[in-house]
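Hi there,

Here is the structure I promised to pass on. My notes on it follow below, so please have a look at both when you get a moment.

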Amino acid sequence: MAQNTTAQHSTAQGAAAPSPAEPSPATAGAEPVLTVRDLQVSYQTDDGPVPAVTGVSLDLAAGETYAIVGESGSGKSTVALALLALAPIVGGEVRLAGRDLAGLSRHELRRLRGREIAMIFQEPMTSLNPVLTLGYQLIETIRLHQPLDRAAARGRAIEMLEKVGISDPARRLAQYPHELSGGMRQRVMIAMALSCNPRVLVADEPTTALDVTVQAQILSLLDDLRAEFGTGVVLITHDIGVVAETADRIGVMYAGQLIEEAPTADLFASPMHPYTRGLLASVPRVDLPPAGGPLAALHGTPPKPGKAPPGCPFRPRCGEAMDVCSTMPPLTRQGLRSVRCWLHDR
Amino acid sequence: MRPSPELRTLLRRLRRSRLAMVGMVLVGFVIAFSLLLPLLLPFDPNQMNVRNALQPPSSVHLLGTDHFGRDLLARLAYGGIISLQVGFAVTILSVLIGVGLGALSGFAGGATDTVIMRFMDALMAFPGLLLAIALVAVFGGTMGAIVLALTIVGIPRFARVVRATVLQRKEADYVVAATALGKRPWKILLQDILPNCSGPIIVQATLKFPGAILGEAGLSFLGLGLPPPAPSWGRMLQESRAFMEVAPAAAILSGLAIFITVLGFNLLGDGIRDILDPRAKHARG
């Protein structure tokens with residue numbers, strides 16, 4: 001299946017040269033399908049530019065799931081949009097299959113979206129156009145990127161609906177979004193996003209709006225499809241528990257920065273950044289004996305975008321803050337992990 | 001495509017609203033009156049017979065005759081056709097042009113937006129009827145000129161409503177999702193944004209319709225409408241004023257025709273707005 005994928009992409013990949021950016025150890029060997037280097041995103045507002053992302057670097061290999069975890073306002077959704085060049089990137093670079101998004105025209109970007117990189121959103125209830133049938137939206141998306149006639153595209157649409165576990169797909173095509181539940185709609189969104197076999201799927205809190213049982217179904221569906229198609233998945237979430245099972249690696253974001261990155265098991269076993277430690281301590285664990293006493297909570301609130309103190313943005317909430325923390329710590333790499341904290345600067 | 005689910009919900013809610021139903025009955029009556037009577041009546045509305053002038057209702061002339069001896073019922077019915085023609089033509093043209101300009105303005109933004117909207121502001125700065133009078137004075141008293149004048153007066157309101165709604169819908173999740181799937185911008189505008197702006201457009205259109213009828217009646221009352229002998233309600237009202245003390249039927253009936261038509265469409269429009277506008281009270285009964 002992975003070979004199939006490669007064959008379909010061969011034309012698009014023709015011009016792709018090996019990425020000049022050095023791959024991180026985690027993806028060494030295989031060329032990463034997506035590389036982000038020192039990404040900076042800033043929104044223009046009436047009060048001047050507000051930086052939402054101030055330095056994110058990551059690599060994603062084909063078939064890998066990379067989770068970005070962070071609180072509301074940490075910039076994780078902005079990273080998601082920036083991966084599709086849908087947010088105002090002011091610095092750094094995003095390379096998809098070796099191509100720098102900054103060097104592409106609007107037309108080229110449009111051809112990239114949906115075909116090379118696709119996205120699913122937090123709100124399945126409102127992510128589909130209410131006045132068009134599912135079939136129309138699905139078939140149109142397929143024909144947008146693939147040279148299929150209507151009948152063939154319809155066949156492909158039915159096949160995709162089957163793959164995402166929707167019963168009686170031929171009949172569903174004639175239905176409108178309001179006739180489906182939230183979980184079903186998210187399945188349709190996933191079918192639509194994967195219908196053109198993109199290299200990368202960005203999932204921005206895909207299960208936040210869903211019931212817990214449906215959450216688990218959607219996550220395992222995403223994982224199955226990732227394995228089947230060899231799609232690289234960037235999973236954005238505020239719920240670190242959601243990613244424990246499906247993510248290969250986790251990046252933790254705080255105030256627009258990636259402050260720690262590690263393989264999932266390592267992160268849970270030995271979080272390095274004080275913020276990550278606090279985050280993990282605030283999640284109830286069923287696999288550990290109860291500690292007795294209330295769950296630990298992180299005190300204070302994250303800084304508003306653009307209002308972070310100089311130096312480490314976590315400093316005001318950190319129990320281990322030192323004098324040196326008033327200057328920005330560098331991102332230090334240690335084996336497969338990296339962390340942005342003076343405690344680990346060796 | 002089947003009628004959209006929104007439209008079916010709208011019709012169902014409309015049947016539950018009493019005022020809207022009254023409006024619907026009045027509108028239905030006016031349309032039937034204007035379209036069917038000319039087929040049934042044996043009179044030419046412009047056939048004069050001075051010896052027969054100002055007759056009271058009789059078995060021949062059911063509502064009597066005017067000061068030229070023309071059958072009043074026939075003139076009212078033919079006047080209805082003129083009113084409905086103006087109403088439909090002005091509404092359709094205002095919708096098409098206003099929606100086009102408003103959608104372009106809201107979707108493109110930037111300089112396009114500024115130029116279009118400042119032009120609309122300038123148009124709106126004139127009192128509607130005065131602008132229409134000026135335009136008809138320039139273009140002359142033909143049906144086309146009247147429709148054109150009332151359309152120009154009507155466009156800015158549509159453009160503003162549509163621009164505001166487009167700006168809102170542009171941020172909708174399904175629009176971002178469509179963009180993320182690589183859909184072309186003009187297709188997003190036509191398929192994802194505009195169909196979901198239909199509510200405010202429908203409301204504005206149902207209010208534009210009686211407005212246009214009233215505008216035409218106003219113009220012809222002032223002597224700027226269709227030239228005589230065209231049986232426009234406004235002109236009939238104006239001409240019959242001179243004979244009100246001898247034969248009040250003509251003045252009363254032409255005024256009543258305008259009143260019933262405008263009231264009917266207004267009630268219907270209000271009913272639709274109550275249903276479509278979530279801010280209105282008792283929106284969802």
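**What I found**

In chain A, 46% of the 346 residues count as buried, meaning that 20 or more other C-beta atoms, placed from the backbone, lie within 10 Å of the residue's own. This is a predicted model, where local features need pLDDT of at least 70, side-chain atom pairs count only at pLDDT 80 or more, and totals for chains, interfaces and linings use all residues. Residues are numbered from 1 along each chain as its sequence is written, with chains lettered from A and ligands numbered from 1 in the order in which they are written.

Chain A has twelve helices and twelve strands (DSSP runs numbered from the N terminus: H or I of at least four residues for helices, E of at least two for strands).

Now to where the chains meet: 24 residues of chain A and 17 residues of chain B take part in the contact (C-beta atoms, placed from the backbone, within 7 Å). On the chain A side, α4 (106-112), β6 (117-120) and α5 (134-145) each supply at least two residues. The largest share, three residues, comes from α5(A).

Within chain B, helix α3 (residues 72-108) packs against helix α6 (residues 143-169) at an angle of about 40 degrees, their axes 6 Å apart. The axes are lines fitted to C-alpha atoms over the stretch in contact, and angles run from 0 to 180 degrees between N-to-C directions.

Best wishes

Methods:
Two residues are in contact if their C-beta atoms, placed from the backbone, lie within 7 Å. A residue is buried if 20 or more other C-beta atoms lie within 10 Å of its own, exposed if 12 or fewer, and partly exposed in between; C-beta atoms are placed from the backbone.
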